[in-house]
Amino acid sequence: MADVTSKSETIEVVPASKPGKWYEIRKGADDVIYCSCVAWAMSKKNPKVCKHLRAFLDKNPEIENALVIEGGRYVLPRR
Ligand SMILES: [Zn+2]
């Protein structure tokens with residue numbers, strides 16, 4: 001049986017500071033909320049964050065409130 005909840009999905013596409021470039025705020029198959037930019041991948045913060053993800057969470061406080069921090073990353077708990 002297919003498990004649709006384990007699919008990775010794009011939540012929001014955000015413009016990069018460089019014109020014509022875009023990054024994606026995504027929910028991974030492991031429910032980690034992450035950004036496709038290098039800054040997120042290289043982030044040493046706990047949880048990992050970049051300016052795109054920060055701006056996204058500032059705009060969507062109800063999502064931020066639902067998140068938990070697991071393994072140094074933001075994770076959306078399964079309902
Ligand atoms: Zn980013």
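Glu70 is found in strand 4 (residues 68-70), where helices (H or I, at least four residues) and strands (E, at least two) are DSSP runs numbered from the N terminus. Glu70 is partly exposed, with 13 other C-beta atoms within 10 Å; a residue is called buried if 20 or more other C-beta atoms lie within 10 Å of its own, exposed if 12 or fewer, and partly exposed in between, with C-beta atoms placed from the backbone. From Glu70 to Ile11 the C-alpha to C-alpha distance is 19 Å, and the two are 59 residues apart in sequence.

The structure is a predicted model, in which local features need pLDDT of at least 70 and side-chain atom pairs count only at pLDDT 80 or more, while totals for chains, interfaces and linings use all residues. Residues are numbered from 1 along each chain as its sequence is written.

**Overall architecture**

The protein has three helices and five strands, which follow the pattern β-β-β-α-α-α-β-β along the sequence. Its radius of gyration is 13 Å, close to the 12 Å that the globule rule gives for 79 residues, so the protein is as compact as a globular protein of that length; the radius is taken over C-alpha atoms, and the rule is 2.2 Å times the number of residues to the power 0.38. The C-alpha trace spans about 40 × 25 × 25 Å along its principal axes. Of the 79 residues, 18% count as buried. Among the contacts with a separation of 6 or more, 33% come from residues 24 or more positions apart, a contact being two residues whose C-beta atoms, placed from the backbone, lie within 7 Å.

**The sheet and its hairpins**

Three strands form an open sheet in the order 1-2-3, with antiparallel pairing; two strands pair if DSSP finds at least two bridges between them. Strand 1 (9-15) and strand 3 are the edge strands, each pairing on one side only. Neighbouring strands of this sheet are turned by 20° against each other on average, direction ignored, where axes are lines fitted to C-alpha atoms, for helices over the stretch in contact, and angles run from 0 to 180 degrees between N-to-C directions.

Strand 1 and strand 2 pair over six bridges in the antiparallel sense, and three bridges join strand 2 to strand 3, again antiparallel. The table gives residue partners across these strands.

| Residue | Partner | Strand of the partner |
|---|---|---|
| Glu9 | Lys27 | strand 2 |
| Arg26 | Tyr34 | strand 3 |
| Ile25 | Cys35 | strand 3 |

The hairpin of strand 1 and strand 2 has six residues between the strands, and within it Gly20 takes a positive phi near 85°. The hairpin of strand 2 and strand 3 has five residues between them, and Asp31 in its turn has a positive phi of about 70°. Asp31 is partly exposed, with 18 other C-beta atoms within 10 Å. Most residues other than glycine have a negative phi, and most peptide bonds are trans. A further backbone feature is the cis peptide bond from Asn46 to Pro47, with omega near 0°; Pro47 is found in the loop between helix 1 (38-42) and helix 2.

In helix 2, His52, Leu53 and Phe56 are buried. These residues cover an arc of only 95° around the axis, which puts them on the same side of helix 2; the arc is that of the directions from the helix axis to the C-beta atoms. What covers the buried residues of helix 2 includes helix 1 together with strand 1, strand 2 and strand 3. Strand 1 itself is hardly covered, for the count of buried residues among its seven residues is zero.

The largest nonpolar core has eleven residues: Tyr23, Ile25, Ile33, Tyr34, Cys35, Cys37, Trp40, Cys50, Leu53, Phe56 and Tyr74. Such a core is a set of buried Ala, Val, Leu, Ile, Met, Phe, Trp, Tyr and Cys residues joined through C-beta atoms within 7 Å. Strand 2 (22-27), strand 3 (33-35) and helix 2 (51-59) are the elements that give two or more residues to this core, and the largest share, three residues, comes from strand 3.
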